[in-house]
Amino acid sequence: MEREKLTYNELLSEANELRFKLEEANDTIEAIRTGQVDALIVHGEGGHQLYTLKTADQTYRMFIEKMNEGAVTINHDGLILYSNSRFAEMVNMPLQKVIGLSFDSFIREESRQRFNATIESAWDRECKEEIELISRNREPVCCLLSCNTLELDEGLALSLILTDLTIQKDTEKQLKVRNGQLAMAQSATEKLNDELEDTVRDRTVDLLISREHFKLLANNIPQMTWTHLPDGTVNFYNQRWRDYTGLTLEEERYNKQQIIHPEDYPLTMEKYTASLKSGGVFEVENRYLRADGTYRWHLNRAIPLRDETGKILFWVGTATDIEEQKQQMEKKDEFIGIASHELKTPLTSLKGYLQLISHKKNDLPDGVQQYIDKAIISLNKLQRLVNDLLDVSKIQAGRLEYGLQPVNLTELVIEWTENARHIYPSYNFECKVADGLLINGNDERLEQVLMNLISNAVKYSPTNNHVVITAEKHNNDARVAVTDHGIGLSPAQKERIFERFYRVEDKKFMSSGLGMGLYISKEIIDNHRGEIGVYSEFGKGSTFYFDLPLAG
Ligand code: ADP
C-alpha cells in the first residue's frame with residue numbers, strides 16, 4: 001500500500017538505486033573472481049551476511065578460473081557462493097546469474113537422491129560421486145562430483161569440483177561398441193580358425209592317404225619309378241629301382257653316370273635336359289646296369305605334374321624293362337636281313353629269265369605273253385618289298401649308306417610325277433613346282449621317298465583320285481609335298497606313322513604294306529639333314545612333306 005503511494009520521482013530514484021546496486025554487485029563478483037577482493041556480502045533470509053574468501057589468494061583463484069573443471073563453493077543452505085566460469089559454461093548460464101542460486105537447481109531429477117546423500121556426508125568427510133547436472137537449456141551433463149569442506153570466516157562451506165564426464169562417457173560408449181565389434185570379430189576369427197584347422201586336418205589325412213596310395217602303387221607296379229624336381233634332382237625311387245640298381249637314393253644321385261650304359265648316356269642326358277627345359281614328355285630307350293653287373297634295356301618315360309597355374313611341381317618317371325622285346329627284335333631283324341638277302345638273288349634271276357622269255361615273243365603260244373607281263377608286275381612288287389626289308393635291316397645295322405651330289409629337285413619332281421602318271425594311270429596328278437630348287441642329295445633315295453609318298457596317297461585315297469604334288473622354297477629349305485583327299489589320319493595315328501612296321505589298325509582301310517615305307521623315308525630324309533612331316537585331318541586327306549636344305 002505504502003509502495004503505491006510513491007511518486008514517480010521516488011520510483012525513478014529507487015530504480016536508479018537498484019541499477020546502481022546491480023552494477024555494484026556485478027563489479028564485486030568480477031572482483032572476487034579475478035582476485036581483487038577477498039569478501040562477499042550475500043543477502044539471505046537472515047539479512048546481509050559477509051563471506052570472506054581468506055584462503056583463496058589471487059594465484060589460486062586465477063588457477064581455479066582457468067581450470068577445466070567446474071569449481072563451486074556452496075554454503076550450508078546449498079547457495080552458490082562462488083563459481084568459476086567453467087561451471088557456468090557447463091550449465092549454460094551467464095556467470096553472474098549462477099552465483100547466489102541454489103546448487104540443487106542444477107541437479108537432474110534422476111541424480112537428486114544420490115546428490116543429497118553425497119552432500120550430507122560431505123560435511124564430515126571428503127566425498128566423490130557421479131551425478132548428472134541439468135543445464136539451463138535442459139541438457140543433461142554427466143559429471144564427477146568431488147566435495148571438500150572449506151573453512152570460511154563465517155563458517156564451514158563446501159567446495160565442489162565438477163569434472164565433465166561427457167567426453168569420457170562418449171568414449172566409454174564407443175569403447176563398448178568397439179569391444180562388442182571386437183568380440184564379434186574375435187568369435188568369427190575363432191570360428192574361421194576352427195574351420196581352417198578342420199580343413200587342414202582333413203587335408204593332412206587326404207595327403208597321408210594319397211602318399212601311402214602312391215607308395216603302394218609305386219612299389220607294386222612291375223616298372224621302376226622315380227620322381228624328380230623341376231631342376232632334375234631325384235627325390236624318390238621305388239623299391240624295384242633300388243633292388244635293381246642295389247643303390248640307395250643318395251648313392252644313386254652321385255652314380256647316375258655309372259648305372260646308364262656309356263653308349264646310351266649322352267642321348268639319355270640330352271633328352272632329359274631337353275625335357276626339363278621344355279616341359280615336354282621325356283622318352284628314351286637305354287640300358288641300366290643291374291646290381292649283378294649286367295645291363296638291361298629299358299624304355300624310360302617321364303611326364304611333369306603341374307599346378308593349376310601350369311607351373312611344374314615335379315616329374316613322375318617310369319623305366320620299363322624291354323630287354324626281352326629288344327632281343328626278339330634283334331633276332332627278327334637278323335632274320336629279316338638274312339631272308340631278304342637270300343630272296344634277292346633268286347628274285348633277280350627269276351626276273352632275268354622272265355625277261356628272256358618275253359624277248360622270244362614269237363615263239364610263245366597265244367596268251368602266254370600276258371601271263372608273263374603279269375608275272376613281271378608281281379615280281380616287281382616282290383622285289384620292292386624285299387628291297388624295303390633289306391633297307392630296314394640296313395638301317396637297323398646303321399649301314400644304309402649312299403653318296404650325296406648336287407641335285408636339281410625341280411627337274412626330278414617333274415620327272416617323278418611323270419613316272420607316277422604311268423604307274424597310276426587312273427589318278428590325276430597335279431604338279432606345281434618352283435624353278436631351280438638346288439640341293440645336295442641322293443636322287444635314287446629321294447625318288448624312293450617321293451614314290452613312297454605318292455603310292456601311299458594313291459593307296460589311301462580309294463574314292464578321290466586327285467593328288468597334288470608341289471615343290472617350293474620354304475624358309476631356307478626346298479619343300480616337296482604330296483596332298484591327297486583320302487582317308488586321313490587321327491592325331492594319335494599321326495604321332496606313330498614314322499615308326500618301323502607301324503600300320504593303322506583299321507580293318508576298313510587295310511591294304512597291302514608292311515609299314516616300312518615311311519620309316520625308311522624318314523631315315524633317308526634325316527640322313528639328308530632334312531625333316532619329314534604330315535598335316536592331316538581324319539576323313540579329309542593328308543599332306544605329307546619333306547624339307548631339304550637348299551644348296552649354297
Ligand atoms: P605301308 O606300307 O603300310 O603303307 P608306310 O610306312 O608307308 O607303310 O605307312 C605307314 C602307315 O601310315 C600306313 O599303314 C597307313 O596307315 C598310314 N598312311 C601312310 N600314308 C597315308 C596317307 N596318305 N593317308 C592315310 N594314311 C596313310
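Me: Where does Asn-475 lie?
Reply: Asn-475 lies in the loop that joins β16 (466–474) and β17 (477–484). Strands and helices here are DSSP runs, numbered from the N terminus (strands: E, at least two residues; helices: H or I, at least four). This is a predicted model, in which local features need pLDDT of at least 70 and side-chain atom pairs count only at pLDDT 80 or more, while totals for chains, interfaces and linings use all residues. Residues are numbered from 1 along each chain as its sequence is written, and side-chain values use heavy atoms, with hydrogens and water left out.

Me: Why is Asn-475 called exposed?
Reply: The relative accessible area of Asn-475 is 61%. Exposed means over 50%, buried means under 20%, and partly exposed is in between (1.4 Å probe, protein chains only). Asn-475 is therefore exposed.

Me: What makes the phi of Asn-475 worth a look?
Reply: Phi of Asn-475 is near 55°, a positive value in a residue other than glycine. Most residues other than glycine have a negative phi. Arg-529 also has a phi near 55°. Arg-529 sits in the loop between α16 and β18, and because its relative accessibility is 73%, Arg-529 counts as exposed.

Me: What makes Glu-537 partly exposed?
Reply: Glu-537 belongs to strand β18 (residues 531–537). Its relative accessibility of 46% falls in the middle class, so Glu-537 counts as partly exposed.

Me: How do you know that Phe-498 is buried?
Reply: Phe-498 has 16% relative accessibility, so it counts as buried. You will find Phe-498 in the loop between α15 (491–496) and α16. Phe-498 and Lys-522 are 24 residues apart in sequence, and their C-alpha atoms are 6.7 Å apart in space. The C-alpha atoms of Phe-498 and Glu-537, 39 residues apart along the chain, are separated by 17 Å.

Me: Why is the pair of Phe-214 and Phe-236 called tilted?
Reply: Let's take the rings one step at a time. The structure holds 11 aromatic pairs. In one of them, Phe-214 and Phe-236 are 5.3 Å apart from centre to centre, with 55° between the planes. Rings of Phe, Tyr and Trp (its six-membered ring) pair if their centres lie within 6.5 Å; planes under 30 degrees apart count as stacked, over 60 as edge-to-face and the rest as tilted. The pair of Phe-214 and Phe-236 is therefore tilted.

Me: Which parts does the pair of Phe-214 and Phe-236 tie together?
Reply: Phe-214 lies in helix α6 (residues 166–220) and Phe-236 in strand β9 (residues 234–237), so the pair ties together parts that are 22 residues apart in sequence. Phe-214 is partly exposed, with 32% relative accessible area, whereas Phe-236, at 17%, counts as buried.

Me: What makes the pair of Trp-241 and Tyr-288 edge-to-face?
Reply: Their planes are 65° apart, with 5.2 Å centre to centre, and that makes the pair edge-to-face. Trp-241 is in helix α7 (residues 239–245) and Tyr-288 in strand β10 (residues 282–289), so this pair ties together parts 47 residues apart in sequence. Both Trp-241 and Tyr-288 are buried.

Me: How do you know that Arg-479 lies over the face of Tyr-545?
Reply: Arg-479 is 3.9 Å from the ring centre of Tyr-545 and lies over the face of the ring. A charge sits over a ring if NZ of Lys or CZ of Arg is within 6 Å of the ring centre and within 35 degrees of the ring normal. Lys-326 likewise lies over the face of Trp-297, at 4.4 Å from the ring centre.

Me: Which element gives the largest share of the shell around the ligand?
Reply: That is α14, with three residues.
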